[in-house]
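Biologist: Could you put the model up, so that we can go through it together?
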Amino acid sequence: MSSQMIPEYGDDCRSEVPRFQLFLTCYNCQRPSARYLQAVPSHITTEDDLIESGLLAKQAFLCGKCECPIGTITGVKVEWIDVPY
Ligand SMILES: [Zn+2]
């Protein structure tokens, strides 16, 4: 016989957002690297969306080893992560 309120942590207070990982190879030293894309518009939710958006062409690259500013994109991966509101 308890009237105590138990707070609910349902799906209401969490949301899934896509996070894009970009794989690159340095044009000069061929060193592979990976990075997460920042500030991806919310309507982009798949790899295809990302490629079609042209956003990849605007990504700045700088090799951490030889400082070459030219990178070749070798792959894109999307993963869904839980974030609280
Ligand atoms: Zn390099």
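Modeller: Leu-56 is partly exposed because 15 other C-beta atoms lie within 10 Å, where buried means 20 or more other C-beta atoms within 10 Å of a residue's own, exposed means 12 or fewer, and partly exposed is in between, with C-beta atoms placed from the backbone.

Biologist: Where is Leu-56 found?

Modeller: Leu-56 sits in the loop between helix H1 (47–53) and strand E3 (71–84); helices (H or I, at least four residues) and strands (E, at least two) are DSSP runs, numbered from the N terminus. Residues are numbered from 1 along each chain as its sequence is written.

Biologist: And what is Leu-56 in contact with, leaving aside neighbours within four places in sequence?

Modeller: Leu-56 is in contact with Leu-50, Ile-51 and Ile-73, a contact being two C-beta atoms, placed from the backbone, within 7 Å. The C-alpha atoms of Leu-56 and Leu-22, 34 residues apart along the chain, are separated by 8.8 Å.

Biologist: Changing topic, in what order do the elements run from the N terminus?

Modeller: The order is β-β-α-β, from one helix and three strands.

Biologist: What is the mean pLDDT of the chain?

Modeller: The mean pLDDT, the predictor's confidence in each residue from 0 to 100, is 86, and 85% of the residues reach 70 or more. As this is a predicted model, local features need pLDDT of at least 70 and side-chain atom pairs count only at 80 or more, while totals for chains, interfaces and linings use all residues.

Biologist: What share of the chain is buried?

Modeller: Buried residues make up 7% of the 85 residues.
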